[in-house]
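These are my notebook entries on one protein chain. The sequence and structure are placed below for reference.

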Amino acid sequence: MYDLPKENKDLRRYVLGKDLRRLGLYLLWMALWYGGAMAYNHNHQTYTPDRLMLGWKLFFWMLASATLGFFLFRIYTFFTDRAYQGTILTSGLSQSYEGSKDPGLLKSADYDFRLNTALKLETDRGKRKRLHFEQKNGFYFYYYEGTKVVKFHGLPYPVAVGHQHPNARQYRMCAACGQVNGAKETRCQTCFFTLIDEGEYAYYLLHDVPGKCL
Ligand SMILES: [Zn+2]
């Protein structure tokens, strides 16, 4: 239901590309394990069938391959990282600053600043969710308590779709890299992905405009 807007073609392509790549690697991984078992059988043709990779042995071998790959290529995110809409219950920020780990010698090139963000949300279906991510240039008011956000599949930064702090309305969050951009920008000034039109998306959701997603 909470698909990326069809206007954000590049974001849709990016997420699809990432998913297909992972799925492709997963299938390749399983094919390699299967190939390994077949090569073993081929190289040991003099063995009796019970010593070859056949039947149950082959089944468990492939089961091990599927299970390991499931975690290695994070296939579980196809089930866990589903898009949803939620309201922020608590929004925690912990600041960190490195400055090349030498605060006495602040050089602009070494300047390093991160905001670790932890959100607790309640989805519109009443489920509790937690989100952890790192904002590059943290902006507290964007993920203010009470803000409605949509978390899209495959993109780390949720996007606000209503009840924001008034100070946040003049900004747009890049769903891909977490850069805060001006409300008039259509592309992220850091990673150049298109920005999701938060107002328009909120309107789509509210009025359930058919065809908002392809
Ligand atoms: Zn960006």
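**Entry 1. Nonpolar core.** I looked up the largest nonpolar core, which has 33 residues. A nonpolar core is taken here as a set of buried Ala, Val, Leu, Ile, Met, Phe, Trp, Tyr and Cys residues joined through side-chain atoms within 4.5 Å. Buried means under 20% relative accessible area, exposed over 50%, and partly exposed in between, with a 1.4 Å probe and protein chains only. The residues with the most contacts inside this core are Y143, F152, L155, I196 and Y201. The elements that give two or more residues to the core are α1 (9-43), β1 (84-97), β2 (113-123), β3 (128-135), β4 (148-151), β5 (159-162) and α4 (198-207). Helices (H or I, at least four residues) and strands (E, at least two) are DSSP runs, numbered from the N terminus.

I then listed the contacts of Y201, a contact being heavy atoms within 4.5 Å. Residues up to four places away in sequence not being counted, Y201 touches M1, Y2, D3, P5, V150, F152, V161 and I196.

**Entry 2. Basis of the model.** I note that this is a predicted model, in which local features need pLDDT of at least 70 and side-chain atom pairs count only at pLDDT 80 or more, while totals for chains, interfaces and linings use all residues. Residues are numbered from 1 along each chain as its sequence is written, and side-chain values use heavy atoms, with hydrogens and water left out.

**Entry 3. Overall layout.** I recorded four helices and seven strands in the protein. From the N terminus on, the order of elements is α-α-α-β-β-β-β-β-β-β-α. The protein has 214 residues, of which 36% are buried. Of its contacts with a separation of 6 or more, 53% are between residues 24 or more positions apart.

**Entry 4. L131.** I located L131 in strand β3. L131 is buried, at a relative accessible area of 11%. Its C-alpha atom is separated by 5.1 Å from that of L119, 12 residues apart along the chain. With neighbours within four places in sequence left aside, L131 is in contact with Y84, T117, A118, L119, L121, K151 and P158.

**Entry 5. S65.** Is S65 buried or exposed? S65 is found in helix α2 (residues 55-72), and its relative accessible area of 0% makes it buried. Beyond its neighbours within four places in sequence, S65 is in contact with W29, M30 and W33.

**Entry 6. R22 and R74.** I found R22 in helix α1, buried with a relative accessible area of 15%. Apart from residues up to four places away in sequence, R22 touches F73, R74, I75, T77 and F78. R74 is found in the loop between α2 and α3 (77-80) and is partly exposed, at a relative accessible area of 43%.

**Entry 7. Backbone angles.** Most residues other than glycine have a negative phi. I noted that R74 has a positive phi of about 50 degrees although it is not a glycine. F192, also not a glycine, has a positive phi of about 65 degrees. F192 lies in the loop between β7 (180-182) and α4, and counts as exposed at 51% relative accessibility.

**Entry 8. Largest pocket.** I looked for open space on a 1 Å grid over the protein atoms alone, where a pocket is an open set of points at which a 1.4 Å probe fits, with protein on both sides within 12 Å along at least five of seven lines, and lining residues have an atom within 4 Å of a point. Grid points are joined across faces, edges and corners, and a volume is the space filled by probe spheres set on the points. The largest pocket holds about 400 Å³ of space. Its lining consists of M1, Y2, F79, T80, R82, A83, Y84, T123, D124, R125, K127 and K129. These lining residues divide into five nonpolar, two polar and five charged. Ala, Val, Leu, Ile, Met, Phe, Trp, Tyr, Cys and Pro count as nonpolar, Asp, Glu, Lys and Arg as charged, and the others, Gly among them, as polar.

**Entry 9. Cysteines.** How many disulfides are there? With a disulfide defined as a pair of cysteine sulfur atoms within 2.5 Å, the count comes to zero. C174 is buried at a relative accessible area of 1%, and C177 is buried at 11%.
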